[in-house]
Each structure stands twice: as structure tokens, then as C-alpha cells.
Amino acid sequence: MKTITLFISLFLCAFLANTCFANTGVFYGSGNQVIPIKNNQIRLVRERVDIKLSVDENSGRFGVPFIPWANVTAKFYLKNTTKDIVSLQMGFPFLDLQGFGDEKYVLDNLHFKVVSGGTEIKTELKEGLIEKEFDPKGLFKKVFAWQNKFDPDESKEVVVTYRMLMGVGSANSVFRDFDEQGRKFRAIDKLFPALSYNFGYITKTAYTWAGSVDEAVFQLDASAFYKELEKNNFLEGADDKFPKFTRPTFWEAIYPESATKDDGKHKWTFKGTVPEDGLSVNFIVLYIPSLPKEVGEYFSESLPKLEETKPAEFKTVLKSFYQNIAFGKQPSDSFAESYFKQVRLVKMPKTFLTEKDRKNIEEIARNFDELIKE
């Protein structure tokens, strides 16, 4: 396994993309480029999307302990609201197939399949819309497209299945200025490496269908991912410059926050509409100890390793991390406030993966000054 130092340089260079999934939508264009359009004949009555995270022997190949596969089964229940036969081009967009710098690897392992009315349908990967005025967020760069036909008044189930590696990257990479303060803040950034396992799901294509959706249910089963987090030693192989401790700090940032959670499963249910800006999940691994008994030794071992940072500055930033993660509290002193202005981690909504993590981090945040006394 790579050292913590190598983690940061590796992810800044190669792994900053999110993995993104999508709804099925309606697209215009007979050639290679397709454009999302509004269809007034076929209605998306309801949809059910299940995403199950799994880990196998190949998913650590990018230099991290492991990367989960997201196994997706998306079921769309469609109805022809007219008395006519309707033929249309359907499509399933992917935000970026090159999140890992190897499109061939993604496609070879995608196992993308569409079954319509019980019959598998041939698909073709096409270029999506590129005009920014119609797609300012660049949601439709690549689209799997296929033809589908509906008889008058026909209801049909379309099932899309595939799998992709989750996105993974540095969660604490900040572009700093090159002045004295910027150099100091970059030195502090190096003391707090963090990983983000992430994915997003495009829901905007739901609006290409006629009418509104009765119900849309999205479920993420992260239970196997949680078990893998517990099994792996994220600090294995860290060099001597990095203080040793047992367990880093884990949390997750879920959007929309309306998701319910039970036994590692997150569930969103929408009636009538779905979020136009999609769904997203970030699982964060921040390399500071999550056990109260280890905070004091971690702090003491860090002090001789400070470069351009004073002990008081390191202390206020470390304390602010714990207080923000535990209670959403923003920094109170001017130095920490200035440092955190560009740190995305402190702006995320946060929930803990386990109850023991919540109790431990809250204890550290409440008793920080006492824990670091020598």
C-alpha cells in the first residue's frame, strides 16, 4: 500500500472525478450525437433504482486499500398515454466514463444491459449534448442509446443494469494562493489528508418524459462497504513522518439529506418530482484519530513534524476539525476561520457511519483541550 504522502500526490493528479449514474431519458438525434428532449406521449409512471456496493479482489488496483463497485439495477415503469404506436430513442447518460483515466477498463467492466418488456435490447454509446446553453453542467457527455417501441396504451418495464467503480479522490485538496499565508495553509493541508469515496446520480432526465412521476425510489446498500472500512487499516504503510494511531475519522455526506438510513441502507423516496440537481453520496476518511485515548499522543507526535506551522495554529485547526465534524460548529478564532474558508470538508452535511464514531468524536470535541495536555 502507498504511504499517506503518496496518497495525496496520487489523488491530486489522477482521481478527482466523481462516478456518476443516471435516469433513463428521451433523446433526439439519428447520428452519433444525441440531445435530451421532452416527450409528451410516454409517461414515466414510477422508477426504482437499487445501488449495491461490493468489494472484490480487483478494486484495489488504483493504489488505495480498496474501491467498491457500485452495482446498479434501475427499473423504469413506462406507459404510452396515446392510442398510437410510439417509437422513440431512449438513453442512459454517464457523466464521465474516464474518472479513472482508463475508459477501456470502465467499459470492459461495465456489463451494461437493457431489458425492455422482458427482451434484451442492443445499445450504442453515443456522444451527448455539448452545447453549454442547453446543458450548462455537462451532464450528457456520453449516452447509451437504444430504440424502443410502445403499442397504444401499452405499459412496459425497462430494466437497466450495470456496474462501475466508485469515484475516489482527495477530499482535502485546496488550491491556495502563493503568498505567505497560502504557503502556510498548504503546509497545514498536508497534515490533514483525506479520501472521499463518492458517486452522483443524474435525475434530470426524468423530466424528459410526459407528466410527472408517481413515485421514485432510490436505495443505496452500503453495508458491505462499511464492513470493508472496518477491516482495512488505512494507515498501513504510512511513513515515519506521519503520527501513528489506530482508526481514522469516518463520516458521510448525503444529498438530499432526506434519505432514511437503516442497517447500512440509504433510501430516498420522492412523489411527483425528483431533485433536478440529482443525488450524491460522499464517504469521507479523514486521517486524524477517532479514538479519544489516541488524540494526545497524536498531537504530541505531530508537533516536531510541523514545517511552517506554529503549534498554536496546528492546535486550533485540529480542534476546529473535531468540533465541526461533531457539532457542525464553525471556527471561532480568526486564524482557523481564514484557513477553513476554502476547505470543502467543513461545509458538507455530515452524519457518522456508526454510533461509536459519533460518541467518540463528540467526546474528543468536548474535551479536546484536556486530551492534548501532556
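A residue is called buried here if its relative accessible area is under 20%, exposed if that value is over 50%, and partly exposed in between, with a 1.4 Å probe and protein chains only. By that criterion, 53% of the 374 residues of the chain count as buried.

Please keep in mind that this is a predicted model: local features need pLDDT of at least 70, side-chain atom pairs count only at pLDDT 80 or more, and totals for chains, interfaces and linings use all residues. Residues are numbered from 1 along each chain as its sequence is written, and side-chain values use heavy atoms, with hydrogens and water left out.

The chain has nine helices and 18 strands. Both are DSSP runs numbered from the N terminus: helices are H or I with at least four residues, and strands are E with at least two. A contact means heavy atoms within 4.5 Å. Among contacts between residues at least 6 apart in sequence, 80% join residues at least 24 apart.

Let me turn to the sheet. Strands of a sheet pair through backbone hydrogen bonds, either parallel or antiparallel. In what order do the strands of the open sheet of eight run? The order is β8-β7-β11-β5-β4-β14-β17-β16, and the pairing is mixed. At the edges stand β8 (119-121) and β16 (260-262); each has a single partner strand, so one side of each is left without a neighbour in the sheet. From one strand to the next, the twist averages 20 degrees.

Is β14 largely enclosed or largely open? Seven of its nine residues are buried, so β14 is largely enclosed by the rest of the structure. With β4 (residues 42-54), β14 pairs in the parallel sense over seven bridges, and R48 has V217 in β14 as its bridge partner.

The strands β16 and β17 pair in the antiparallel sense over three bridges. Their hairpin has two residues between the strands, and D263 takes a positive phi near 55 degrees there.

K142 lies in β10, residues 142-150. At 16% relative accessibility, K142 counts as buried. The C-alpha atoms of K142 and E127 are separated by 4.9 Å, although the two residues are 15 apart along the chain.

I come now to the helices. In α5 (residues 292-302), the buried residues are P292, E294, V295, G296, Y298, F299 and S302. Their cover includes α6, α8 and α9 (368-371).

For the packing, axes are lines fitted to C-alpha atoms, for helices over the stretch in contact, and angles run from 0 to 180 degrees between N-to-C directions. On that basis α5 and α6 pack at about 145 degrees, with their axes 11 Å apart. Their crossing is right-handed; the term applies if the near helix is turned clockwise from the far one by less than a right angle, and left-handed if anticlockwise. V295, Y298, F299 and S302 in α5 meet P311, F314, K315, L318 and Y322 in α6. These residues divide into seven nonpolar, one polar and one charged. Nonpolar covers Ala, Val, Leu, Ile, Met, Phe, Trp, Tyr, Cys and Pro; charged covers Asp, Glu, Lys and Arg; the others, Gly among them, are polar.

Finally, α6 (residues 311-327) and α8 (residues 355-366) pack at about 135 degrees, with their axes 8 Å apart. That makes α6 oblique to α8: angles under 35 degrees count as roughly parallel, over 145 as roughly antiparallel, 65 to 115 as roughly perpendicular and the rest as oblique. The crossing of α6 past α8 is left-handed. Y322, Q323, I325, A326 and F327 in α6 meet I361, E362, I364, A365 and R366 in α8. That contact comprises seven nonpolar, one polar and two charged residues.

Note on methods. Pairing = 2+ DSSP bridges.
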